[in-house]
Amino acid sequence: MSVPVDEVLRSRVKNLEAMPAMPAILGPLLKCLDLPAEQIEIEKVTELIARDKSIAAQCLRMANSALFSRSSIETIRGAVITLGATRLRDILWSSFLIRMAPRSEWPLNPNAFWEHSFGCALVSQQLAKKIGLPEPEKIYLCGLLHDLGELVNSMLLPDEFRSIAERAVRETISLYDAEKQTLGFTHCDTGNLLAERWNLPSDIRNVIQYHHTPEQAIESAAFVAIVNLSDFLCRLRGMGYGYEEMCVIDFQEAPAWSLLRKSVPHLENLDIARFTFELDSEAEEIRRLVATAFQT
Amino acid sequence: MPVPPTITDQQVESAAERVDPTLIRVRDLIYKVCGIYLPDNKFYFLNDRCDRRLKALKLDFLGSYYDALTTGSDRETEIRSLLNEITVGETCFFRNPQQLSALRKVVLPKIMESKAKLSFTRLKIWSAGSSTGEEPYTLAMILLEESASMLKGWNWEITATDLNDYSLAKCREAVYGSYAVRNTEPYYLQKYFQSQGQSYALIPEVKNRVSFSRLNLHDESKMLFMKGFDAIFCANLLIYFDGASKRRTVHHFYNGLMPGGYFFVGHSESLYGVSDEFRLVHFPGATAYYRPSFWEEVSDERPR
């Protein structure tokens, strides 16, 4: 099966060039921010961000969300200093993603894609932190970009995507299942194509490719598993795609859970119910963040 | 070139960081003792309810109130008083729509499918701690809605129990004020209620579907007879029990369920650390506890 699917996939999305390229400043910026903390040049970072007015403005708006910082931040330089490299990188990516696709092309609730992406980024990071995964902040971007393929589908296959969305809403199923039935391939495959083209790090690419089939992930298994569970939690707790999806899950029976158990000792001690309840106030905060990000 | 000591990876700061730390301790205490979790967006509410107790006890600071809750001689009574403030006026028809939707769209079809295979056509539901009857009557309305379709050819019964005779009398009377029907859609109001001046009386068709009886959940011998249920509802009642009696009662509920049955508690109530037997299941916007069945086939059809 995999060969024909792959062929169909490549022929269907041969237009990948039509997808937005990464903004010119993002590459050099990410390179600057990847340096060890003591080598990062604040002035250079500030100057690079300031070059792209729309990213700079978006960046400031996001930086002032309660989700990212406690104090009010008025300048790009202030953002660079207070937020730190990882957080800044997350915000840059978020700003880029927000401006990448016009909301009008999205057939579902217009804010839903971003609420789900930010939600999944945040929940993944909190889950990683809670279960004691080393470097939990690294997973934020994986969560943020896990559904990149939905953007690819909505932009390159707009008609099919519309009918997929309608089918998902009508049958109260996931977009993944609707894509499988309609296209034969899914946003995991198309997302991976774009991730390849953008040269994203392998952790992120593995998450994009396997977040619905974590048992198939050979590398980055813990990240894939966490994003898979967080994706479910978001869809279950009001940070899904804005339609009613009949999703039922027993986390401890989920493939991602057994996968995670291999790398996280004492996973059984996690109070899943409490973690779930905690998310109910996050959902509100996320909606506020997305609404702020789209202010013009 | 400024020294960049501030370029460190800060963690995501949640709204909780800006809240009085004592309030967070009260929240965590409530969760530890009762299993009720108030998320960050309920801090305002919690603060307000604590204020009421501060006034009642003539205390000036939340800190002293926290002491009263933890080290005071009347701490158990005080926790109960605070819980009363938190859950007061919560009862109404259709209180937890997402839970009801899980019952109607997932739980009932699933249970009926496995029962039908064994040629069983009977469902039993128990509302434990039914208070003044809103919950069991809501369940009755939901099942009545399905009686011509999904439940066609099936028998079903709803048992409601409470300790309080006054509440049971209210149940049998089945006349409610407007506050109790604040979540009730006009469709249900018109179909199942008759208005009597300012009040709403349930029609006999609904009243007759629920049988009420007095039951103390601590009464071990009587609990042993509560058997064979497909779903049990017990919202915001176990929170008043201490750890040992909660574990005992939840164990009785487990035994009272058929294998494959579901146990529903309050919206933000958790059984963490209370039961090793039940499995936590997530539905959209709701959680429930599941008694695994032995004959259940291992299915490959997992959600994606």
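The following questions and answers examine how terms are applied to a predicted model of two chains, A and B.

The model is predicted, so local features need pLDDT of at least 70 and side-chain atom pairs count only at pLDDT 80 or more, whereas totals for chains, interfaces and linings use all residues. Residues are numbered from 1 along each chain as its sequence is written, with chains lettered from A and ligands numbered from 1 in the order in which they are written.

Q: Why are H2(A) and H6(A) called roughly antiparallel?
A: Helix H2 (residues 26–33) and helix H6 (residues 85–100) of chain A pack at an angle of about 165°, their axes being 10 Å apart. Helices here are DSSP runs of H or I with at least four residues, strands are runs of E with at least two, and both are numbered from the N terminus. Axes are lines fitted to C-alpha atoms, for helices over the stretch in contact, and angles run from 0 to 180 degrees between N-to-C directions. Angles under 35 degrees count as roughly parallel, over 145 as roughly antiparallel, 65 to 115 as roughly perpendicular and the rest as oblique. The pair H2(A) and H6(A) is therefore roughly antiparallel.

Q: What is the handedness of the crossing of H2(A) and H6(A), left-handed or right-handed?
A: The crossing is left-handed; that term applies if the near helix is turned anticlockwise from the far one by less than a right angle, and right-handed applies if clockwise.

Q: Which residues make the contact of H2(A) with H6(A), and how do they divide by class?
A: Contact requires that the C-beta atoms of two residues, placed from the backbone, lie within 7 Å. From H2(A) come Leu26(A), Leu29(A), Leu30(A) and Leu33(A), and from H6(A) come Ala85(A), Leu88(A), Arg89(A), Leu92(A) and Phe96(A). They divide into eight nonpolar, no polar and one charged. The classes are nonpolar (Ala, Val, Leu, Ile, Met, Phe, Trp, Tyr, Cys and Pro), charged (Asp, Glu, Lys and Arg) and polar (the others, Gly among them).

Q: What makes E6 and E9 edge strands of the seven-stranded sheet of chain B?
A: The open sheet has the order E6-E2-E1-E7-E8-E10-E9 (chain B), with mixed pairing. Strand E6 (210–214) and strand E9 (279–283) of chain B each pair on one side only. The twist averages 25° from one strand to the next.

Q: What makes E3(B) and E5(B) a pair?
A: Two bridges join these antiparallel strands, and since the requirement is at least two, they count as paired. Val175(B) has Ala201(B) in E5(B) as its bridge partner. The open sheet of three strands has the order E3-E5-E4 (chain B), and its edge strands are strand E3 (175–176) and E4 of chain B.

Q: Where does a positive phi occur in the hairpin of E4(B) and E5(B)?
A: Gly197(B) takes a positive phi near 60° in this hairpin, which has two residues between the strands. Strand E4 (residues 193–196) and strand E5 (residues 199–202) of chain B pair in the antiparallel sense over four bridges, and Ser195(B) is partnered by Tyr200(B) in E5(B).

Q: How do you know where the domains of chain A lie?
A: Domain bounds come from an automatic or database domain assignment. For chain A this gives domain 1 (2–20 + 105–293) and domain 2 (23–100). Their C-alpha centres lie 24 Å apart, and 14 residues of domain 1 are in contact with 13 residues of domain 2.

Q: Which domains does the assignment of chain B give?
A: Chain B has domain 1 (15–87) and domain 2 (97–290), with C-alpha centres 29 Å apart. The contact takes eight residues from domain 1 and 10 residues from domain 2 of chain B.

Q: How many residues of chain B are in contact with chain A?
A: In this contact, 33 residues of chain B meet 45 residues of chain A. E9(B) gives the most to the side of chain B that touches chain A, with five residues. By class, that side has 16 nonpolar, nine polar and eight charged residues.
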